[in-house]
Amino acid sequence: MRVMVLGGDGYLGWPTAMALAARGDQVLAVDNYLRRTLCLQTSSPPLFPTPDLVKRSELFQALSGHQIQVEIGDLRDYRFLEGLFQRFQPQAVVHYAEQPSAPYSMMGFQEARLTLLNNLEVTLNVIWAVLSLAPDCHIIKLGTMGEYGTPNIDIEEGWLTVEHKGRKHTFLYPRQASSLYHTTKIQDTDLLWFYVRTNGLRVTDLMQGPAYGLSTPETALHPDLRPFFNYDDIFGTVLNRFLVQAVAGVPLTVFGRGNQTRGYLHLQDTIQCIELALDHPVAPGELRILNQFTELFTVNQLAEKVQRVGRSLGLKVEIDHIENPRVEAEEHYYNPVHTGLLELGLKPHYLTDEVLAHMLQEVMPYRDQIDTAKILPRVSWR
Ligand code: USQ
């Protein structure tokens, strides 16, 4: 299949591009290095240096024989995207090309504006490129579980049937996010749903929880093929941060009471979900929403696991409850349905002690390079 991976330089995009190329898809990875630029601007270094997309695709081809075409450019520029569609004629587009950090989106007006404009403009451009140049193309869009927030009722897989005054109708499940970043994902879903209803687009919108992990089968070929891995307070996700904190010997930063529950998944399962979505395309005029995670944990449970496994490896791991910089529920009901991807064939990689120990061992060689000044939160929601 000819697949465009938008945001192909990112934590999820690069391993996805490699996995698809390795299974025989024709892959075009596109990126404008926004994540790298914002990491430089906010002084948020990755754990290890990551060669640029062109160098990584050359290395991957030399080691595996699989080609990943690369285009560097800004998808907010519609003419650029149009040219890519005309030349590559994609059958599917995997859309990761967004500013992905909740804390970044809450830093101030400029950061909020960049997040909103970038995320919505790229989504609108992708929709229009598909409608105009490849109407049969399947859009696979990375959304987030954070779109739903933490309502006091079960979270369904995308939709909710409401009975009101004796009549029934099915709507998008109510969404209320707790950051501007997550709010842009809600707006993406609304845009996609509008064009699905009106113009018959084919869309899979994946509501993903926080991902963790440093490696996939393809990264085993060479350390320079690992994804761009953040552990700082702005771009690092919670479990990846805890791994690095444990290795650095700084207390794990549990925000507030730590009973915030989320659905987590390994990087390898993100890729599996993308492959399943690609292999089971939806019909024209269908918006399929899948809740993409494998296990629920509270932040406290994650911290306790990292502490226990870290100690078994001889690390000195303490847990700190620090003031929560975010506005979010610290105790809440959380029961999201997540059967759609399992029904498509997802085989989860669970967070076992062995998996945790392996990830800690992968971080250990970089202990001396960890910048511990980048651990405590620099951004407050208030
Ligand atoms: N948290 C801590 N301590 C930390 C960092 C985070 O207690 O040091 C807590 C947060 O307060 C939150 C939970 O851990 O309750 C998850 O935070 P996170 O930073 O791992 O995840 P989040 O900001 O929600 O965003 C990440 C990705 C985003 C994706 C989202 C999925 O950056 O791109 O959409 O996970 S979800 O969380 O389900 O919305």
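## Exercises on a predicted model

The structure you are looking at is a predicted model.

**Exercise 1.** Work out where Thr270 is found and which residues it is in contact with, leaving aside neighbours within four places in sequence.

*Solution.* 
- Step 1: Find the element. Thr270 belongs to helix α9, which covers residues 267-279.
- Step 2: List the partners. Beyond its sequence neighbours within four places, Thr270 contacts Leu12, Tyr96, Gln208, Ala211, Leu265 and Gln292.

**Exercise 2.** Find out how many residues the largest nonpolar core has, and which of them have the most contacts inside it.

*Solution.* 
- Step 1: In soluble globular proteins, nonpolar side chains tend to be buried together.
- Step 2: Count the core. The largest one here has 66 residues, and Leu47 and Ile68 have the most contacts inside it.
- Step 3: Zoom in on Ile68. Not counting residues up to four places away in sequence, Ile68 touches Trp14, Ala17, Met18, Ala21, Val27, Ala29, Ser57 and Phe60.
- Step 4: Turn to the second core. This separate set of 35 residues includes Leu28, Tyr173, Tyr195 and Phe293.

**Exercise 3.** Now step back to the whole chain: how many helices and strands does it have, and why can it be called as compact as a globular protein of its length?

*Solution.* 
- Step 1: Count the elements. There are twelve helices and 14 strands.
- Step 2: Compare two values. The radius of gyration is 20 Å, close to the 21 Å that the globule rule gives for 382 residues, so the chain is as compact as a globular protein of that length.
- Step 3: Of the 382 residues, 56% count as buried.
- Step 4: See how the chain contacts itself. Among contacts with a separation of 6 or more, 81% come from residues 24 or more positions apart.

Conventions
Residues numbered from 1 in each chain as written. Predicted model: local features only at pLDDT ≥ 70, side-chain atom pairs only at ≥ 80, totals over all residues. Heavy atoms only, no water. Helix = DSSP H or I, 4+ residues; strand = E, 2+ residues; numbered from the N terminus. Rg over C-alpha atoms; globule rule 2.2 N^0.38 Å. Buried < 20%, exposed > 50% of the residue type's maximum accessible area, 1.4 Å probe, protein only. Contact = heavy atoms within 4.5 Å. Core = buried A, V, L, I, M, F, W, Y, C linked by side-chain atoms within 4.5 Å.
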